[in-house]
Amino acid sequence: MESTYTVTGMTCGHCVAHVTEEVSAVEGVTDVQVTLEGGRMVVTSLAPIDLALVKEAVSEAGSYEVVPA
């Protein structure tokens with residue numbers, strides 16, 4: 001299953017790497033693709049992932065906000 005989100009506040013490749021690392025650590029997530037331009041994040045998982053878990057992981061990565069796209 002794929003879920004698409006918009007992440008705001010990212011300014012560089014390091015931001016992308018931090019967001020990718022934290023969201024990848026969420027239980028059930030099998031793949032994360034983050035694009036700096038436009039802040040697009042596609043999360044692939046075995047089952048639906050609670051938005052609160054995604055938001056928590058993104059906030060762990062830094063001062064970023066995430067919303068469903």
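These notes cover the fold and helix packing of a predicted model.

1. Basis. The model is predicted: local features need pLDDT of at least 70, side-chain atom pairs count only at pLDDT 80 or more, and totals for chains, interfaces and linings use all residues. Residues are numbered from 1 along each chain as its sequence is written, and side-chain values use heavy atoms, with hydrogens and water left out.

2. Fold. The chain has 2 helices and 4 strands. Their order along the sequence is β-α-β-β-α-β. Helices (H or I, at least four residues) and strands (E, at least two) are DSSP runs, numbered from the N terminus.

3. Overall dimensions. The radius of gyration, taken over C-alpha atoms, is 10 Å; the globule rule gives 11 Å for 69 residues, so the chain is as compact as a globular protein of that length. That rule is 2.2 Å times the number of residues to the power 0.38. Along the principal axes, the C-alpha atoms fill a box of roughly 30 × 20 × 15 Å.

4. Of the 69 residues, 36% count as buried (under 20% relative accessible area, 1.4 Å probe, protein chains only). Among contacts (heavy atoms within 4.5 Å) with a separation of 6 or more, 59% join residues 24 or more positions apart.

5. Helix pair. The axes of H1 (residues 13-24) and H2 (residues 51-61) come within 8 Å and cross at roughly 140°. Axes are lines fitted to C-alpha atoms, for helices over the stretch in contact, and angles run from 0 to 180 degrees between N-to-C directions.

6. H1 contributes His18, Val19, Glu22 and Val23; H2 contributes Ala57, Val58, Glu60 and Ala61.

Notes: Buried means under 20% relative accessible area, exposed over 50%, partly exposed in between (1.4 Å probe, protein chains only).
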